[in-house]
Amino acid sequence: MSNTAPSEALIAKRTAHAVTRVTKTVFPGRTNHHNTLFGGEALAWMDEAAFIAATRFCRKPLVTVCSDRVDFKESIPAGTIIELVARIEQVGRTSIKVHVDIFVENMYNDDQHKAISGNFTFVALDADRKPTPVLADF
Ligand SMILES: CC(C)(COP(=O)(O)OP(=O)(O)OC[C@H]1O[C@@H](n2cnc3c(N)ncnc32)[C@H](O)[C@@H]1OP(=O)(O)O)[C@@H](O)C(=O)NCCC(=O)NCCS
């Protein structure tokens, strides 16, 4: 018999279901004067990937309440492919924290490595736009 409480099992299942991958190209129009990906563009993509992951987790209306500690470890050159990977990091009563990594990939070889990472927190809202539990059990 398993010792896992039902809510923990549900969180684990929803967490696995929520993993979100988004692949994009760094084409002109998305870069800055250094010919690398514009940081604001990266943040918008990360917020969107995190939002999709959090929505898949709870299937409730969400708003971003916080983005914290985004590390731009490496600049991302124009003409590369990037992959965003968003995973549920922490589940609160009405909030969900999502960790997002951006991996960069040269178009002409298979190497892929992490360039940017950060966390985004969302709050589930009810019809009156008040915080509401992310899962029924909470
Ligand atoms: C999101 C919002 C409804 C929260 O209202 P609030 O009065 O702070 O709500 P609460 O204090 O009850 O907190 C609700 C949850 O958010 C979390 N939270 C609130 N502020 C936070 C912050 N700055 N960072 C991380 N978590 C935060 C709380 O810890 C709580 O989580 P829990 O229930 O899992 O423990 C309100 O701040 C809001 O409407 N903000 C604007 C959102 C928005 O427009 N975003 C941009 C567009 S999507």
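**Exercise 1. Find which element gives the largest share of the shell around the ligand, and list the shell.**

Solution. Strand β2 gives the largest share, four residues. Strands here are DSSP runs of E of at least two residues, helices are runs of H or I of at least four, and both are numbered from the N terminus. The model is predicted: local features need pLDDT of at least 70, side-chain atom pairs count only at pLDDT 80 or more, and totals for chains, interfaces and linings use all residues. Residues are numbered from 1 along each chain as its sequence is written.

Next, list the shell. A residue is near a molecule if its C-beta atom, placed from the backbone, lies within 6 Å of it. Around the ligand stand Val63, Thr64, Val65, Cys66, Gly92, Arg93, Thr94, Ser95, Thr121, Val123 and Pro131. Two elements give two or more residues each: β2 (62-72) and β5 (112-124).

**Exercise 2. Sort the shell around the ligand by class.**

Solution. Ala, Val, Leu, Ile, Met, Phe, Trp, Tyr, Cys and Pro are nonpolar; Asp, Glu, Lys and Arg are charged; the others, Gly among them, are polar. Now count. The shell holds five nonpolar, five polar and one charged residues.

**Exercise 3. Trace the strand pairing through β3.**

Solution. Two strands pair if DSSP finds at least two bridges between them. Start with β1 (residues 20-25). It runs antiparallel to β3 (residues 81-91), with six bridges. Thr25 faces Ile81 of β3.

Then go to β4 (residues 95-105). This strand is also antiparallel to β3, and 10 bridges link the two. Arg87 has His99 in β4 as its bridge partner.

**Exercise 4. Describe the whole protein and its annotated domain.**

Solution. Count the elements: two helices and five strands. Their order from the N terminus is α-β-α-β-β-β-β. The C-alpha trace spans about 50 × 40 × 20 Å along its principal axes.

Take burial next. A residue is buried if 20 or more other C-beta atoms, placed from the backbone, lie within 10 Å of its own. Of the 138 residues, 23% are buried.

Then contacts, meaning C-beta atoms, placed from the backbone, within 7 Å. Among contacts with a separation of 6 or more, 68% join residues 24 or more positions apart.

Finish with the record. An unreviewed UniProt entry puts "domain: HotDog ACOT-type" at residues 16-128. Such annotations may be inferred rather than shown by experiment. Over residues 16-128 the chain is 20% helix and 46% strand. The end C-alpha atoms of that stretch are 30 Å apart.

Note on methods. A residue is buried if 20 or more other C-beta atoms lie within 10 Å of its own, exposed if 12 or fewer, and partly exposed in between; C-beta atoms are placed from the backbone. Two residues are in contact if their C-beta atoms, placed from the backbone, lie within 7 Å.
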